[in-house]
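Here are my notes for your reading of this structure. Keep the sequence beside the picture and find each residue as it comes up.

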Amino acid sequence: YISGGIFYEYYCPDDGIDYSSRNYYTCYTGYTLINQNTCISCETNCYSCSYDPPTTKCNICKSGYVITPSKTCIPYPYYCHYAYYDTVSGAAKCSQCNSGYVLTNSKSCIPYPSYCSSAYYDTSSGTAKCSQCYSGYVLTNTKLCINCPTNCYSCYFDTSSNSGKCQICKDGYGLNLNGECISCGGNCKNCHLDSNSNKICIDWL
């Protein structure tokens with residue numbers, strides 16, 4: 001049973017004898033036992049601690065904190081998914097970043113460039129570079145993501161124009177010679193333009 005913040009757990013073997021006078025005590029999470037029936041709280045942000053007179057020492061920190069050599073808890077940066085205590089700098093360092101960030105050589109995290117679905121840390125420039133873009137965007141030769149043309153389903157990066165050129169247009173649009181998507185019009189689902197820019201429907205709705 002519970003009384004005064006302490007769990008009282010009776011030892012009751014199945015031999016018909018009453019052992020209720022032999023008590024074992026356990027404290028709530030975030031507290032530690034200092035004598036037979038007294039619990040004191042761990043330091044703030046400590047999940048589990050032990051008593052080392054005259055104070056407590058943390059054994060396990062709460063989420064978002066790392067334990068130091070002096071058995072205290074310090075916060076790690078919000079962009080870290082996992083972190084550790086670096087004894088050289090005396091600070092928390094990231095070992096893995098949250099989604100949308102890449103890990104740097106200094107064990108901090110920097111955000112992906114815009115429209116990247118995955119990225120990596122480029123040591124030569126000290127920046128994050130895109131390795132893959134979200135749908136509707138295309139990867140440039142400088143490892144950034146730019147928009148595909150309007151109404152385009154899939155495109156490629158054209159180095160000569162430094163822009164995205166469409167390969168496949170969305171339904172109701174056709175590809176012109178400039179890699180752009182134009183409306184087919186009417187009940188045409190898919191069309192293309194001939195050399196004279198005339199729309200030719202190849203798939204009707």
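1. Start with one cysteine link. The torsion about the S-S bond that connects Cys 97 and Cys 109 is -95°, and this link is left-handed. Cys 97 belongs to strand 11, while Cys 109 belongs to strand 13 (residues 109-111), so the pair ties together parts that are 12 residues apart in sequence. The two sulfur atoms are 2.0 Å apart. Cys 97 and Cys 109 are both buried. Bear in mind that this is a predicted model.

2. How many disulfides does the model hold? The count comes to 13. A disulfide is a covalent bond between the sulfur atoms of two cysteines. The points below take up further examples.

3. Cys 61 and Cys 73 are joined by a disulfide with an S to S distance of 2.1 Å. Because the torsion about their S-S bond is about -95°, the disulfide is left-handed. Cys 61 sits in strand 7 and Cys 73 in strand 9 (residues 73-75), so parts that are 12 residues apart in sequence are tied together by the pair. Are these cysteines buried or exposed? Cys 61 has 13% relative accessibility and therefore counts as buried, since the limit is under 20%. Cys 73 is also buried, with a relative accessible area of 10%.

4. Cys 80 and Cys 94 form a disulfide too, with S to S at 1.6 Å. The torsion about the S-S bond is -60°, and the link of Cys 80 and Cys 94 is left-handed. Cys 80 is in strand 10 (residues 80-86) and Cys 94 in strand 11 (residues 91-97), so this pair ties together parts 14 residues apart in sequence. Cys 80 is buried at a relative accessible area of 4%, and Cys 94 is buried at 1%.

5. Next come the aromatic rings. The whole structure contains 4 aromatic pairs. One of them is the edge-to-face pair of Tyr 78 and Tyr 79, with ring centres 5.0 Å apart and 65° between the planes. Tyr 78 is exposed, at 64% relative accessibility, whereas Tyr 79 is buried, with a relative accessible area of 18%.

6. Why is the pair of Tyr 79 and Tyr 101 called tilted? The ring planes of Tyr 79 and Tyr 101 stand at 35°, with the centres 6.0 Å apart, so the pair is tilted. Tyr 79 lies in the loop between strand 9 and strand 10, and Tyr 101 lies in strand 12 (residues 101-103), so the pair ties together parts that are 22 residues apart in sequence. Tyr 101 counts as partly exposed, at 24% relative accessibility. Tyr 78, Tyr 79 and Tyr 101 make up one aromatic cluster.

7. Now the strand pairing. Strands of a sheet pair through backbone hydrogen bonds, either parallel or antiparallel. Strand 6 (residues 46-52) and strand 7 (residues 55-61) run antiparallel and are joined by 6 bridges. They form a hairpin, with 2 residues between them. Asp 52 is placed opposite Thr 55 of strand 7.

8. Last, look at an open sheet of 4 strands, in the order 21-20-22-23 and with mixed pairing. Its edge strands, strand 21 (181-183) and strand 23 (199-204), each pair on one side only. On average, neighbouring strands of this sheet are turned by 30° against each other, direction ignored. Strand 22 (residues 188-193) pairs with strand 23 in the antiparallel sense over 5 bridges. Opposite His 192 stands Ile 200 of strand 23.

How values were computed. Residues are numbered from 1 along each chain as its sequence is written. This is a predicted model: local features need pLDDT of at least 70, side-chain atom pairs count only at pLDDT 80 or more; totals for chains, interfaces and linings use all residues. Side-chain values use heavy atoms; hydrogens and water are left out. Two strands pair if DSSP finds at least two bridges between them. Axes are lines fitted to C-alpha atoms, for helices over the stretch in contact, and angles run from 0 to 180 degrees between N-to-C directions. A disulfide is a pair of cysteine sulfur atoms within 2.5 Å. Buried means under 20% relative accessible area, exposed over 50%, partly exposed in between (1.4 Å probe, protein chains only). Rings of Phe, Tyr and Trp (its six-membered ring) pair if their centres lie within 6.5 Å; planes under 30 degrees apart count as stacked, over 60 as edge-to-face and the rest as tilted.
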